[in-house]
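Open the model in your viewer and keep the sequence panel beside it. The tour below goes from one selection to the next and says what is there.

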Amino acid sequence: MDEKRQKKNISYLSFYLGDEIFALHVSKVHKILEMTPITGVPHTPDYMKGVINLRGKVLPVIDTRIKFGMPAMEATKKTCLLVTEANIDQDEIMVCLLVDSVQSVLKLNDEEVLPPPGIGSKYQSDFMTGMARVNEKFIMVLDIDKVMCKDELLNLNEIKKVVTDNELTNFKK
């Protein structure tokens, strides 16, 4: 088959926030964790739920619903944490995204991912790679590197500095 005609399939992990489906490139998702206790950190943005300890590493937890302007929701049996890697200004940071549930791994080819909508300056779609239509539903394909902006990265690094080894011991239990 001619290389130009060959469609490249790319894998994405899809997840729900309310009735909306979002997806991240699988290379950016390191783990899917069941809901675990989250330690709150004072003086953080509303979307910053707190931190968890994953094998001795402090990982910030972002409430993705709040980050995207959706109302907060109580955790359910399906609520989980996606351990993701964001690359911002060549600085890699591990971040947990709190999501309502994980749907599946999707294989999409380049032609199926359409450019993100441009709805004016008030609505920002910079954090989206594109949108895909699967089974009559639109899926928003996210760019985790753009979901977390440079200023937020600085805040997360500061939060990690504030949380000491002694505080980690308290929530290892």
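**The whole chain**

Among contacts in the chain between residues at least 6 apart in sequence, those that join residues at least 24 apart make up 57%. The model is a predicted one. Show the chain as a cartoon: its secondary structure comes to 4 helices and 11 strands. Switch to a surface view, and the accessible surface is about 10,700 Å², with 49% of it belonging to carbon and sulfur atoms. Of the 173 residues in the chain, 40% are buried.

**Stop 1**

In soluble globular proteins, nonpolar side chains tend to be buried together. Select F15, L24, I62, L82, L97, V99 and L142 and show their side chains. These are the residues with the most contacts inside the largest nonpolar core, which has 28 residues. Another core, of 10 residues, lies apart from it; Y12, A23, L106 and I139 are among its members.

**Stop 2: S14 in strand β1**

Now select S14, which sits in strand β1, residues 9-17. Is S14 buried or exposed? Its relative accessible area is 0%, so S14 is buried. Which residues does S14 touch, leaving out those up to four places away in sequence? They are I21, F22, A23, V102, Q103, S104 and L106.

**Stop 3: the aromatic rings**

A pair of aromatic rings is described by the distance of the centres and the angle of the planes. The chain has 2 aromatic pairs. Begin with F15 and F22: the ring centres are 5.9 Å apart and the planes lie at 20 degrees, so this pair is stacked. F15 counts as buried because its relative accessibility is 0%. F22 is buried too, at 4% relative accessibility.

F22 and F68 form a tilted aromatic pair, with 5.4 Å from centre to centre and 35 degrees between the planes. This pair links distant parts of the chain: F22 belongs to strand β2, F68 to the loop between α1 and β6, and 46 residues separate them. F68 is partly exposed, with a relative accessible area of 21%. Taken together, F15, F22 and F68 form one aromatic cluster.

**Stop 4: strand β7 and its partners**

Select residues 91-99, which are strand β7. On one side of the pairing list is strand β5, residues 57-63, which pairs with β7 in the parallel sense over 3 bridges. To find a contact point between these strands, pick D63, whose bridge partner in β7 is L98.

β6 and β7 form a hairpin with 2 residues between them. In the turn, D89 has a positive phi of about 50 degrees.

**Stop 5: the salt bridges**

How many salt bridges are there in the chain? The count comes to 3. Select D145 and K28 to see one of them, where the closest N and O atoms are 3.0 Å apart. The pair joins distant parts of the chain, 117 residues apart: D145 is in helix α2 (residues 144-147), and K28 is in the loop between β2 (20-25) and β3 (29-34). D145 is partly exposed, since its relative accessible area is 23%.

Move to R65 and D100, another salt bridge, whose closest N and O atoms are 3.0 Å apart. This pair also links distant parts of the chain: R65 is in helix α1 (residues 64-67), and D100 is in the loop between β7 and β8 (101-109), 35 residues apart. Are R65 and D100 buried or exposed? R65 is buried, with a relative accessible area of 7%. D100 is buried as well, with a relative accessible area of 15%.

Finish with R133 and E136, whose side chains meet in a salt bridge at 2.9 Å, N to O. R133 is partly exposed, at a relative accessible area of 44%. E136 counts as exposed because its relative accessibility is 65%, and the cut-off for exposed is over 50%.

Key. Residues are numbered from 1 along each chain as its sequence is written. This is a predicted model: local features need pLDDT of at least 70, side-chain atom pairs count only at pLDDT 80 or more; totals for chains, interfaces and linings use all residues. Side-chain values use heavy atoms; hydrogens and water are left out. Two strands pair if DSSP finds at least two bridges between them. A salt bridge is a side-chain nitrogen of Lys or Arg within 4 Å of a carboxyl oxygen of Asp or Glu. Buried means under 20% relative accessible area, exposed over 50%, partly exposed in between (1.4 Å probe, protein chains only). Contact means heavy atoms within 4.5 Å. Accessible areas come from the Shrake-Rupley method with a 1.4 Å probe; for residues, only the protein chains shown count as cover. A nonpolar core is a set of buried Ala, Val, Leu, Ile, Met, Phe, Trp, Tyr and Cys residues joined through side-chain atoms within 4.5 Å. Rings of Phe, Tyr and Trp (its six-membered ring) pair if their centres lie within 6.5 Å; planes under 30 degrees apart count as stacked, over 60 as edge-to-face and the rest as tilted.
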